[in-house]
Amino acid sequence: QVQLVESGGGLVQPGESLRLSCAARGIIASIGVMGWYRQAPGKQRELVATVTTGGATNYADSVKDRFTISRDNTKNTVYLQMNSLKPEDTAVYYCNANLRTAWFRTESTYWGQGTQVTVSS
């Protein structure tokens, strides 16, 4: 069974930084695109950033130039460095990975359990 285990959330003041990590654990043959999504209270889950196996990235306009997504393929881990945090970044952040549990299987999408990020003075 595959699990995505997140860490790094917390409470910070506006302008501060946080780094989220998400490790994929279990029997994994390959991992494709990995990403981060977030959901604020009363809102739909939205894309924050994605990164391909080769390192190509994509960001939501609201986080460009402030957030950086990266991954370590040797550790099956994706990171989200969040700088210059704003109150509107407050949300539960979820990591996401498209992966195969065996070479003969198609990719499936897995989600982490979510980690709370709160930006408040």
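**View 1. The hairpin of E7 and E8 in this predicted model****.** Strands E7 and E8 make a hairpin, with four residues between them. Asn76 sits in the turn. Its phi is positive, at about 50°. At the strand ends, Asp72 is found opposite Thr77 of E8.

**View 2. The pairing of E7 with E8****.** Strand E7 covers residues 67–72. Six bridges connect E7 to E8. The sense of the pairing is antiparallel. One of the facing pairs is Asp72 and Thr77, the latter in E8.

**View 3. The pairing of E3 with E8****.** E8 also pairs with E3, again through six bridges. E3 and E8 run antiparallel. Ser21 lies opposite Tyr79, a residue of E8.

**View 4. The disulfide between Cys22 and Cys95****.** The structure has one disulfide. Cys22 and Cys95 form the pair, and their sulfur atoms are 2.0 Å apart. Distant parts of the chain are linked here: the two cysteines are 73 residues apart. Cys22 belongs to strand E3, residues 18–25. Cys95 belongs to strand E9, residues 91–100. A disulfide is a covalent bond that joins the sulfur atoms of two cysteines.

**View 5. The setting of the two cysteines****.** Are Cys22 and Cys95 buried or exposed? Both Cys22 and Cys95 are buried. Cys22 lies in E3, the strand joined to E8 by six bridges.

How values were computed
Residues numbered from 1 in each chain as written. Predicted model: local features only at pLDDT ≥ 70, side-chain atom pairs only at ≥ 80, totals over all residues. Heavy atoms only, no water. Disulfide = S-S within 2.5 Å. Buried < 20%, exposed > 50% of the residue type's maximum accessible area, 1.4 Å probe, protein only. Pairing = 2+ DSSP bridges.
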